[in-house]
Structures are given as structure tokens and as C-alpha cells.
Amino acid sequence: MGDHEHTAPEPDWDARNGTPDSLYHNNGDGTFSEVGKAAGVADTGWGFAAAWGDYDNDGWPDLYVSNEFGTGALYHNQHDGTFREVSVPANAHDRSSAMGVAWGDYDNDGHLDLYVSNMYANSRWALFHPEWPVPLPWYMRWAPRSRVDAVIDELSRGGTLLHNNGDGTFTDVSDTAAIRDSQWGWGAEFVDYNNDGRLDIYNANGMITGPNLDDV
């Protein structure tokens, strides 16, 4: 992850002006070499959290980077010191305001699933991104209102739970799993707190939304 040399994300609904993320390779002699760009993981979203997980069970750790501003990135390990960004074909293209990420096999099917904790409030997207909806993202300028609403819904959602299909792709099960309204999520982790053999999710909140629709 990298520090940010800019004072504000631009555009804040899909920022790409952050300082590139860094990856430090262990040289085996007590020192490290920065290889982010060479490895293909120098993402310029406004990164907030990242986690390693071998989601395709090939024995090589893959990487997910969640961005507070900018779309999350899933990097597949290419086994040669480089990574390929596969969030779109893998259906792991979460573009919410992410602040935490965790891997865990919550349904015990042998494949790691992915949980991303995001900011959420009743007042939704406009609360965090006052320039919306002017200008609209280029890909939404001619979209029907239902599609615009769907994108706003995606951008301002709470938790995202992505079920690993076992074929290199994921299915968003946030609503059916009843974990979406996780409030203003920060860090998160999978943990079997009641020892029943099934992973539960712990989501730490920065703030809780009140009963008023315009309340944080």
C-alpha cells in the first residue's frame, strides 16, 4: 500500500490519482526490494487495506487490494513474480468505499471467499461524494435511471460478501447472506467465535447510522 501525494481523490467515485501501491520483495539477507510496478500491483486507487489468499488453490498466494476511493483490485499470482489484475472477469469488481478486507471459507467448500467492509449511511452516495451526480461517470451518461440507481447503490453499499465459485469467479451474495447493512465498516475478519466449525464475520464500525434518513 502507498501514501497519497494528492490532497483529494479525483474523481472520488473512481479515483486513480493515488500514489502507486508498493510490494516489498524479501531478498533473504535482512533487506527488501520494492517491486510493485515490476510485479504488476502498483495500483493507483486510494488503497486502504489488502489481504493475501490463494483463491484458486494453486498453491500460490493471490492478493486483493480494497480502495477507499477507486475500485478494488484482485491480483492473480502468475507464478513468476508477477500478478495479473482479474477483478472484472472474476466478478470481484467491488467499487464501494472499502476500508477492510478478509479471506475465509465461510461455507466449508474448500475455496476461499472474500469479504470487503465498506462505508455506508442512510444519506448514501451524496453524503460522501458531493459532486454526484454532476458530472456522471462517462459509462453512465446515457444509462437508464434504473442503471444509475443501481450504480449508486453499489458505490454506497455496506459489506460485500463474494462467494468463491471454485472456477476462478465469484458471486456477490451480500443480500442473501444478510451482511450488507454493516454500517460504516472499517476492519473485518473471519472467525469461528462459537466453535461450530463455520466461520463467522466480525466487522468493526467507525460510525453507526441513526434512524433519520439524513443522519450519518
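Strands here are DSSP runs of E with at least two residues, and helices are runs of H or I with at least four residues, numbered from the N terminus. Trp186 has its place in one of these strands, S11.

Before we start: this is a predicted model, where local features need pLDDT of at least 70, side-chain atom pairs count only at pLDDT 80 or more, and totals for chains, interfaces and linings use all residues. Residues are numbered from 1 along each chain as its sequence is written, and side-chain values use heavy atoms, with hydrogens and water left out.

**Exercise 1. Find the order of the four strands in the open sheet, and say which strands stand at its edges.**

Step 1. Recall how sheets are held: strands pair through backbone hydrogen bonds, either parallel or antiparallel. In this exercise, two strands pair if DSSP finds at least two bridges between them.

Step 2. Read off the order, which is S7-S8-S9-S10, with antiparallel pairing.

Step 3. Look at the ends. S7 (98–104) and S10 (170–172) each have a single partner strand, so one side of each is left without a neighbour in the sheet.

**Exercise 2. Describe strand S8 and its partners.**

Step 1. Leu114 has Leu162 of S9 as its bridge partner.

Step 2. Now check the cover. Buried means under 20% relative accessible area, exposed over 50%, and partly exposed in between (1.4 Å probe, protein chains only). Six of the six residues of S8 are buried. Asp113, Tyr115 and Ser117 point one way, while Leu114, Val116 and Asn118 point the other.

**Exercise 3. Is Ser174 buried or exposed, and what does Trp186 touch?**

Step 1. Find Ser174 in the loop between S10 and S11 (185–191). Its relative accessibility is 1%, so Ser174 counts as buried.

Step 2. Turn to Trp186, which is partly exposed at 36%.

Step 3. List contacts (heavy atoms within 4.5 Å). Leaving aside neighbours within four places in sequence, Trp186 touches residues including Phe48, Ser117 and Gly206.

Step 4. Check one distance: the C-alpha atoms of Trp186 and Gly206 are 6.2 Å apart, although 20 residues separate them along the chain.
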